[in-house]
Amino acid sequence: WMHSGNRRARIFRIGRGRETPVYTDVAQLSLDRPTRLAVGADVLLLATGVMVQEALAAATALAADGIGASVVDVHTLKPFPGAAVADLAAAHRSVVTVEEHTVEGGLGTMTVEALAAAGVGTPVHKHGLRDEYALVGPPTHLYRYYGLDGTGVATVARRMHELRSRTPLVAGPLWTADDRAAVYARYGVPR
């Protein structure tokens with residue numbers, strides 16, 4: 001893969017074929033900057049991969065509650081578009097990054113570092129798998145259990161919005177053990 005003469009390796013994550021399309025036109029994509037798919041002023045949802053469709057679903061749910069959410073697909077993580085992410089974050093009250101893997105060392109960590117480097121104080125919450133042993137199961141069940149479906153992302157974003165944190169990183173989980181227990185009770189997610 002070559003882009004602007006750069007011959008560095010690129011890594012692509014390939015879905016399972018059950019994802020909802022989020023782009024109507026490939027011309028919307030540019031490898032040098034993230035792509036904004038929804039506009040709101042309250043919460044910035046930064047997502048990558050299959051989590052983009054869940055962030056869009058969350059934005060729709062949040063709008064019904066009067067919370068404006070921007071959804072941005074950060075499809076290119078290396079090189080990370082730190083300046084663009086910082087500019088977007090500065091225009092919002094809070095940021096929630098959404099990743100379908102551990103929150104350490106990924107999109108959330110790069111976002112926190114980019115905001116710190118740019119002097120942007122917008123609070124960030126990294127939503128994804130915590131530093132713990134993870135369950136194994138069908139993806140849709142796991143997304144629901146870990147709050148990585150549209151409903152879970154909306155819940156986390158709503159809590160972040162209501163928190164009105166003044167610290168740059170909201171490190172504690174906003175998707176709690178009680179939320180996971182409710183998923184067990186409602187859907188019978190096997191242990």
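The structure is a predicted model, in which local features need pLDDT of at least 70 and side-chain atom pairs count only at pLDDT 80 or more, whereas totals for chains, interfaces and linings use all residues. Residues are numbered from 1 along each chain as its sequence is written, and side-chain values use heavy atoms, with hydrogens and water left out.

With a contact defined as heavy atoms within 4.5 Å, residues 24 or more positions apart account for 74% of the contacts with a separation of 6 or more.

Secondary structure was assigned from DSSP runs numbered from the N terminus, with helices (H or I) of at least four residues and strands (E) of at least two. Six helices and five strands result, arranged along the sequence as β-β-α-β-α-β-α-β-α-α-α. Strands are taken to pair if DSSP finds at least two bridges between them. Strand S4 (residues 94–102) pairs with S2 (residues 43–47) in the parallel sense over five bridges, and Leu44 stands opposite Val95 in S4. S4 also pairs with S5 (residues 124–129), in the parallel sense over five bridges; here Val98 stands opposite His127 in S5.

Aromatic pairs were assigned to rings of Phe, Tyr and Trp (its six-membered ring) with centres within 6.5 Å; planes under 30 degrees apart count as stacked, over 60 as edge-to-face and the rest as tilted. Two such pairs were found. Tyr145 and Tyr146 form an edge-to-face pair, 4.8 Å centre to centre with 85 degrees between the planes. The pair of Tyr145 and Tyr184 is tilted, because the planes lie at 45 degrees, with ring centres 5.2 Å apart. This second pair links distant parts of the chain, Tyr145 lying in helix H4 (residues 139–145) and Tyr184 in helix H6 (residues 177–187), 39 residues apart. Tyr145 is buried at 8% relative accessible area, as is Tyr146 at 4% and Tyr184 at 17%.

Methods:
Buried means under 20% relative accessible area, exposed over 50%, partly exposed in between (1.4 Å probe, protein chains only).
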